[in-house]
Amino acid sequence: MSREQHELKREQEKELKKTKNYIQKLESSIQQFEKEISDVEAIMGKPDFFASNDAREILAKHASIKKQLDDAVEKWTELQGKIEVKDN
C-alpha cells in the first residue's frame, strides 16, 4: 500500500468514526424526543386538557418536539445509509 493510499484509508476511517459518533448522539436525542413526546401526550390525554389555559402552548410544544424527532430520524437514516455503504 502506497503512502497516499494509507493516508486516504486513515482519513476514511477517521471520517467513519466521526459519523458513527454523530449517529450515537442522534440516537440519544431520538430517545429523549420520544420520552418528551410521551410525557406531553400524557398531559394531552387528560380529560380536561383542551379546556386548560395551557392547551395551545402544549400543542405547540408537541408539534415542535415531533418536528425535532422527525428531523433527527431523517438524519439518522441518511447517515446509517452512508456508513453501510462505507462498511461494504
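Is His6 buried, partly exposed or exposed, by its relative accessible area? His6 is partly exposed, with a relative accessible area of 45%, where buried means under 20%, exposed over 50% and partly exposed in between, for a 1.4 Å probe and protein chains only. This is a predicted model, in which local features need pLDDT of at least 70 and side-chain atom pairs count only at pLDDT 80 or more, while totals for chains, interfaces and linings use all residues. Residues are numbered from 1 along each chain as its sequence is written, and side-chain values use heavy atoms, with hydrogens and water left out.

**Overall form**

- The protein has 2 helices and 0 strands, taken as DSSP runs numbered from the N terminus (helices are H or I with at least four residues, strands are E with at least two).
- The radius of gyration is 20 Å, well over the 12 Å that the globule rule gives for 88 residues, so the protein is more spread out than a compact globule; the radius is taken over C-alpha atoms, and the rule is 2.2 Å times the number of residues to the power 0.38.
- The C-alpha trace spans about 70 × 20 × 15 Å along its principal axes.
- Buried residues make up 20% of the 88 residues, and the accessible surface comes to about 7100 Å², of which 51% belongs to carbon and sulfur atoms; these areas come from the Shrake-Rupley method with a 1.4 Å probe, and for residues only the protein chains shown count as cover.
- Among contacts (heavy atoms within 4.5 Å) between residues at least 6 apart in sequence, 71% join residues at least 24 apart.

**Helix H1**

- Helix H1, residues 3-44, has 42 residues and reaches 61 Å from its first C-alpha to its last, close to the 62 Å expected at 1.5 Å a residue, the expected span being 1.5 Å times one less than the number of residues.
- The buried residues of H1 are Leu16, Thr19, Ile23, Leu26, Ile30, Phe33, Ile37 and Val40.

- Leaving aside neighbours within four places in sequence, Phe33 is in contact with Ile65, Gln68, Leu69 and Ala72.
- Ala72, found in H2, is buried with a relative accessible area of 6% and, not counting residues up to four places away in sequence, touches Leu26, Ile30 and Phe33.
- Ala72 and Glu27 are 45 residues apart in sequence, with their C-alpha atoms 8.2 Å apart in space.
- His62, also in H2, counts as buried at 17% relative accessibility, and it touches Ile37, Val40, Glu41 and Met44, again not counting residues up to four places away in sequence.

**Aromatic pair**

- Rings of Phe, Tyr and Trp (its six-membered ring) pair if their centres lie within 6.5 Å, with planes under 30 degrees apart counted as stacked, over 60 as edge-to-face and the rest as tilted; by this rule the count comes to 1 aromatic pair.
- The rings of Phe49 and Phe50 have their centres 4.8 Å apart and their planes at 75°, so the pair is edge-to-face.
- Phe49 is buried, with a relative accessible area of 2%, whereas Phe50 is exposed at 60%.
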